[in-house]
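I opened a new structure today and kept notes as I went. Here is what I looked up.

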Amino acid sequence: MSSPHERLQHIWGQDPGIIGWLSAVNHRAIGVRYMVTAFVFFIIGGLEALAIRVQLTLPGLEVLHPDTYNQFFTMHGTTMMFLFLVPFLEGLAIYVVPLMIGTRDMVFPRLNAFGYWVYLASGVMLHWSLITGTAPDSGWFNYPPLSGIGFSPGPNIDYWVTLITFLEVAALVAAAELIVTIFLQRAPGMSLNRMPLFVWAVLVMAFMIVFAMPPLVVASLMLGLDRFVGTHFFNVAAGGDPLLWQHLFWFFGHPDVYIMLAPALGIASTIVPVFARRPIAGYQVLVVSVVAIGFISFGLWVHHMYATGLPIMGMNFFVAASMMIVVPSGVQILAWIVTMWRGTLVMRTPLLYTIGFIVLFILGGITGLMMASVPFDWQVHDTYFIVGHFHYVLIGGVVFPVFAAICYWFPKITGRMLDERLGVWTFWGIFVSFHITFFPMHLLGFQGMPRRIYTYLPEMQWTIVNAIVTAGAFLMAASVLAFMVNVWRSTKHGAIAGANPWEADTLEWATTSPPPNYNFRYLPVVRSGNPLWDDMHPLTPESGGAPAWREAMADAEHPVRETIATTPMDGTPDYQLILPTPSLWPFWTAMALSIAVVSVMVHPALLLVGGLFTVVGLIGWHWPTAESRARDALRSVAVEQGLPARPRGRSAAWAGMAMLVVIELTALGALVGSYFYLRMSQPDWPPGGIPAPDVVWPAVASLLLVLSAVPVWAAEREARKGMTPRIATLLPMAVLLAVGYLALTAWTYATMPYGATSHAYGSMVWTMGGMSVLHAVAVVVLGTVLWLMQSTGDVVGRRVAAVEAIGVYWYFVAFNAVVTYAVVYIAPYLV
Amino acid sequence: MNEDAQDIGRVSPPVPPGALLEASARPAGPDDEPDLPVSGGALWFGALGSPIAWATQLMLMYPLVELACRQRSALPLYVTSGVLFAVAAAAGLVSWRALQAMRQRNGATIPRRVRFHARFGVWSAVVFLILIAVGTLPVLFDDPCQLPGRRPATLIPHL
């Protein structure tokens, strides 16, 4: 008979070969893939930066063609922001968080894999455009009207609009999954007040992604419609407003900086106490400050728009918020300094990078504070001062912590230590070259050098400083190369790390390096915020009294991927969570979606093909199999061992769907906000020649959709009771009512006297109506599939969670229809 | 790989089992908040009330500037700030009173997480009350109609 370790390794492992590799869902495999892929994009983005620097080294150079130069600086920003920093940090979180909270995998492993494939596909396609010379070229924030069809008629911007939106799907699914995992899968005893600061920071990051990214998706949708369909969201001549783009973009863009900074703060708060050999000072205040930073970061977006002519008072609200964010940021720095001051420092590479981060973060923060002031911002707006500032923030404030994290968790990931001497030399190389590269940029800005210029005249007297900057950039590239050599060599030849080489306090160091497929044989139990230092509470047979379920999970008595779900606040055991097995469907679905996305650039027919394959993928992904039915049969075993097979409250599936609803609500909020923004800039609404909308038939249609939620609610109740026959009646009833909504809405829009291309008003009305219709189509498909599934006998008894999850989405869709009705049909009479 | 190495129980010395069962083997159920002096809803209001009040202030004040300019009155801005300041203060007060009530019970039956939750609300209220107050300062000093490069009291062109 095999040992528990062998059984667990087999259960939590993946199949060999290419199919097995493509089917992998383990969080560590996905996390490493994210990090490696993101680092490759970092190298590509760095090479783009070097090309830009070469072009600017001396006046009058023509190393790059001007068009290529535009593409390079756009792709450099886009790559670093969208393809390197956020995905790397999400990958790190995907790898580390489950280990840190003491669980075996993330709550939706297949969704995790799907997110990675979407990320990879969008990154590859975006860079394909660079190879073909059609890469985006309007800057990473892609302002209209420059990015509109009039000034950018080629496919360049199409790549940006479609692929960045696609990429955000990956970011959003990872964020949703991290949130649900952190709330539902923490080790028994890990109440919120014992949660590691890195996990808090990741939680804040994930929530920020959920609220920040949907507005960019909405903005990209509008820009895409302006370009492909001829709508007028950003066309002033037809009632649109380019500033709407800036508002939506920066509502995402500014929090995006803090989306990257939050986990960086968590990395520092993890590393500092470990190398100071004492618990962090001010744990509670650090938690409050990182949450406060997350909130306040959403109140700063207008400080990117000081030069657009907004009212002084409106701008000053944002001046206040921009200045006040230094308070929680300062609290973080103070806590790290106090921890180091009171501790006994062990100067190893991770701590060096962390101290480097603290220094650079302060410097970048000071220049940021300067730019929070409107008059100063007007002086340096669009100059190299800004470029210098944000590189201090992004490289100093995020890339340094990323390097710290690599050095810190490398032993856990590979089982080997990095070469310390090379690590120290590399750190100093990067630190010094960083200053040589980016500090002089502030001076160039003061001397009036605008950002994004292709070249300059010798008379401008910027030559020497530019030459120094370029030299620094190459020195920095060499240092990063040395860092990569260290990583590469140490992966194979580094000293063996052992389980806890840093003598750290968090749970990821309680298992071997690298961890086994299942992370922990005995699921850990904690009673402290520093479990490995002062409170490791194993429930082994020797210590006595382990609950039966824990023994069963440790001995892998059942051939399923089982772990424990705990309650969100206190981390008390709740129910047995059985996670899905590896599957090729996430890969299939991501590739099918990619085909649909490239249809915009290649051929419209691909939309149909990709869409069809996507539907097939989604059904295949969720359709019950013999293996999944066999898994269900084992749930009763957990009950016998004293652990419920289902939650007392809502299921993980419900929580995941609730996250999707939050994302969609944010997108809906962005759409509604855009409607009123355009309305407030117009004296007449609807504009002259367009009659006020008819309110009766759309009201009937919306009512039908609201009514359709009632049988869904009843079906949910019946599913909990196990009443199959009633569900078989209720679900078709709901679907029919939703179809009624669709038919009536289609008729309403078909008889409208204006279209989406008539005026910005028409663009808004048709887009909001179209989104509502798309959502209704989604619930019709979901309801039908669920009905078919229950007819196989799989819903009741096993898929209560599926009914619950579809239910919460259905209620949102009904709410969406009501809001759309109120805005499109009622608001014109009121506002 | 050494099988024993996977057993984290052997990384550190075992401890008395009674203490462990307290944390790990409680009956499954919703988060237990035994006889707390404050409800879970109040704790959440205390923790998130003030940041949400600040966010609401910012989101409302920004579009209200135009209304204030049209009406030649900053009253809507003062009212908004005042109401939301009161909401944030109420959130802080709820958390503060919860902490006080817990202290009176000497903390014997109060989980640390609940104290953490209440303290979070107090700190959060301090931060966001300051933010709301600072965010109101422009109303005191600026003209809602003033555009960049123009003197105060200049009307927004299309109004």
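My entries below take chain A, then chain B.

**Entry one: the model.** I noted at the start that this is a predicted model.

**Entry two: domains of chain A.** I found domain 1 at 4-493 and domain 2 at 674-830. I then checked the spacing of the two. The C-alpha centres of domain 1 of chain A and domain 2 of chain A are 37 Å apart.

I asked how many residues each domain of chain A gives to the contact. Domain 1 of chain A gives 14 residues, and domain 2 of chain A gives 13 residues.

Next I turned to the side of domain 1 of chain A that touches domain 2 of chain A. Two helices of chain A, α7 (197-228) and α8 (242-276), each supply at least two residues of that side. Which element has the largest share of it? I found that α8(A) does, with 3 residues.

I also sorted this side of domain 1 of chain A by class. I listed 7 nonpolar residues, 6 polar residues and 1 charged residue.

**Entry four: chain B.** I moved on to chain B and looked up its elements. Chain B has 4 helices and 0 strands. Read from the N terminus, the order in chain B is α-α-α-α.

I checked burial too. Chain B has 159 residues, and 40% of them are buried.

Last, I looked at contacts in chain B between residues at least 6 apart in sequence. Of these, 75% join residues at least 24 apart.

Key
Residues numbered from 1 in each chain as written. Chains lettered and ligands numbered in written order. Predicted model: local features only at pLDDT ≥ 70, side-chain atom pairs only at ≥ 80, totals over all residues. Domains from an automatic or database assignment. Contact = placed C-beta atoms within 7 Å. Nonpolar A, V, L, I, M, F, W, Y, C, P; charged D, E, K, R; others polar. Buried ≥ 20, exposed ≤ 12 C-beta atoms within 10 Å, placed from the backbone.
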